[in-house]
Amino acid sequence: MITDSVNIRELALGILLAVTKDGEYSHIALAAVLEKYQYLSKKERSFLTRLTEGTLEKQIEMDYILNQFSKTKVNKMKPVIRCILRMGVYQLKYMDSVPSSAACNESVRLAERKGFRNLKGFVNGVLRNVSRNLTKISYPDKKEAPLYAMSIQYSIPEWMLAQWSRDYGMEKAESIAASFGIESKICIRTNLMKTTPEQLMKDLEQRGITAEPVVRKEYPDFSYGMYLSGYDHLTAIPEFAEGKFMVQDVCSMLVTHIADPRPGDYVIDVCSAPGGKSLHAAERMRGEGMVESRDLTDYKVALIEENIKKSGMKNIRAVQKDARMLDLDSIDKADLIIADLPCSGLGTLRRKTDIRFRMTEEDEKSLALLQREILSVVCQYVKCGGTLIYSTCTMDRMENEENIKWFLENNPQFSLEMQRQFFPDEGMSDGFYIAKLIRKQVKS
């Protein structure tokens, strides 16, 4: 697939190498390429997205298949050849619109273009062999090795499946795993200070974009979210450039919805980039009070500032601060603290496919400790009667319920008003955890 000398498969290969070899985040690497090559047609952009995200999402299965047909095992292959073969197998198995001959031939050409002329025969032989025997591939028996079989079927590491099955049962674990294979729709939040959901939906539909309202029966007043489809790229939508909406997952919106900040409040969002929850809070406060949107680095603060400017909100400011360091000036000052903290991110595998290879059990344990460290600091900013919202985009009890249990045991001045684990198989949202805690009023 070539446009004006740009080979789409070569772009995809570059993204895969950036993610698997250089450690870049998949959604960032893909977005950067799509932005650079905005002139690509909608069909080509869709092909590039599907090929890169799909190959990453199905990587465990792709490697399992390749190891059945290649004498050189996947982990012994050169990174470029490994990625080319993964892409080739993904096209053969999951992209019906791509003829088998094209998947094989283009992979061989790509190997040659990248300087591996001596491995053209190897690439061709492996992919032709896979193509001939695609319907005869032997998969693990679910009864004999259920976790291993599920790992291959859904391309999710066994340790994640073991964790979910331990915490929620085998049936729920498989339901969660299966949900990550369902194509997600982009979710947006209406900026109610600039438009209404009804008007935004009408404006988008006039542009040929389908806007579907998000319905959460347990939150009947949740009316400002919608799913989008049928558009080319966001930057071409005037309403996006005008700040009338921003991209935000449903459960991310629910953090601020449940926190329920009021006009005149002082809110601190301690790990806030790119600022979605902070802006949502400023909006719900109707331009009154102040939201301090904090994060650690210049880069993240710049992202927040960019979104503040686009939104037009005046009751919000971006501040660079380390959430682990106590800010003496903030003690007992905040009506609301939003602590959506760094986490394992296992609830976002549908959108951030590479997390399944990037995260480890040891990383989870380190993150749980970091969350406790930050909570111990930022809880001191909550005034009596104020609210602390703790949230993560994961389903790990260690990071969620166990952390809140620990926090309450060590901070008896707080009480738990509610906590809920949202699962990705409950709808088109991420896996997410939200806990709402209230600092008790001091008795006179």
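My entries follow, starting with the ground rules.

**Ground rules.** I'm working on a predicted model, where local features need pLDDT of at least 70, side-chain atom pairs count only at pLDDT 80 or more, and totals for chains, interfaces and linings use all residues. Residues are numbered from 1 along each chain as its sequence is written, and side-chain values use heavy atoms, with hydrogens and water left out.

**Helix pair.** I looked up helix 13 (residues 250-259) against helix 14 (residues 276-284): the axes are 9 Å apart and the angle is about 40°. For the record, helices are DSSP runs of H or I with at least four residues, strands are E runs with at least two, and both are numbered from the N terminus. Axes are lines fitted to C-alpha atoms, for helices over the stretch in contact, and angles run from 0 to 180 degrees between N-to-C directions.

Which residues meet there? Helix 13 brings Ser-252, Met-253, Val-255, Thr-256 and His-257, and helix 14 brings Lys-277, His-280, Ala-281 and Arg-284 (contact is heavy atoms within 4.5 Å).

**Salt bridges.** I used a side-chain nitrogen of Lys or Arg within 4 Å of a carboxyl oxygen of Asp or Glu. By that rule I get 33 salt bridges.

I picked Asp-332 with Arg-439 next, at 2.7 Å from N to O. Asp-332 sits in the loop between strand 9 (316-320) and strand 10 (334-340) and Arg-439 in strand 13 (residues 432-439), so this pair ties together parts 107 residues apart in sequence. Arg-439 is buried at 18% relative accessibility, while Asp-332 is partly exposed at 41% (buried is under 20%, exposed over 50%, partly exposed in between; 1.4 Å probe, protein chains only).

Strand 13 also holds Lys-436, which pairs with Glu-417 in strand 12 (residues 414-422), so parts 19 residues apart in sequence are tied together. The N to O distance is 3.4 Å. Lys-436 is buried at 12%, whereas Glu-417 is partly exposed at 49%. I also noted a network of salt bridges with shared partners, joining Arg-216, Glu-218, Arg-420 and Glu-426.

Glu-112 and Lys-120 form another bridge, with the closest N and O atoms 3.6 Å apart. Glu-112 is partly exposed at 32%, and Lys-120 is partly exposed at 24%.

**Loop residue.** Buried or exposed, I asked of Lys-136? Lys-136 is exposed, at 62% relative accessibility. Lys-136 lies in the loop between helix 7 (120-132) and helix 8 (146-154). From Lys-136 to Lys-93 I get 12 Å, C-alpha to C-alpha, across 43 residues of sequence.
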